Amino acid sequence: MNIALVTGRLGNNPNVRTLQGSKGEFKAADFSVAVDMTHRKEKDEVVWVKVQALGWSAEYAEKYLKKGSLVLVRGELQENKYTDKTGKEQRIWHIQADEIKQLWSAKGDNTAYTPTPQDSDDLPY
């Protein structure tokens, strides 16, 4: 099973483009998420995770995500290999997103669900 799940803040606005596929046009988005790893170390540490999104996930990223947005990304960990200018093989890992949820907006125009006090009476437990 290959499932990757990260929560963090976007380092930049998503890079969204329209591509042509066998079934017509679709959107693709790339962005990086800063993941706080402080709980694992004695000093602050941030790991940058590259994310690629296709189709409706890319459309969601384009519409709702901005630099600084707090997001949850779920998807599959994938590897890209390439040869650099020196002839050395390089490997880059990224998450191919299946699901993206904005947890909090960078500008305060939050599109994520925010519970209110009256919502607590409607909980099923």
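Tutor: Along the sequence, the chain runs β-β-β-β-α-β-β, with helices (H or I, at least four residues) and strands (E, at least two) taken as DSSP runs numbered from the N terminus. This is a predicted model, where local features need pLDDT of at least 70, side-chain atom pairs count only at pLDDT 80 or more, and totals for chains, interfaces and linings use all residues. Residues are numbered from 1 along each chain as its sequence is written, and side-chain values use heavy atoms, with hydrogens and water left out.

Let's zoom in on histidine 94, which lies in strand β6 (residues 89-104). Histidine 94 counts as buried because its relative accessibility is 3%; buried means under 20% relative accessible area, exposed over 50%, and partly exposed in between (1.4 Å probe, protein chains only). Skipping neighbours within four places in sequence, histidine 94 is in contact (heavy atoms within 4.5 Å) with Lys50, Gln52, Glu76, Leu77, Gln78 and Asn80. With glutamine 52, the histidine 94 side chain makes a side-chain polar contact of 3.0 Å; that's a pair of N or O atoms within 3.5 Å, where within protein one must be able to donate a hydrogen and the other to accept it, and residues adjacent in sequence count only if both atoms are side-chain atoms.

Now the strands. β5 and β6 pair antiparallel over 14 bridges, pairing meaning that DSSP finds at least two bridges between two strands. Leucine 77 has isoleucine 95 as its bridge partner in β6. β5 and β6 form a hairpin with five residues between them, and glycine 87 in the turn has a positive phi of about 90°. β5 (residues 70-83) also pairs with β1 (residues 4-10), antiparallel over six bridges.
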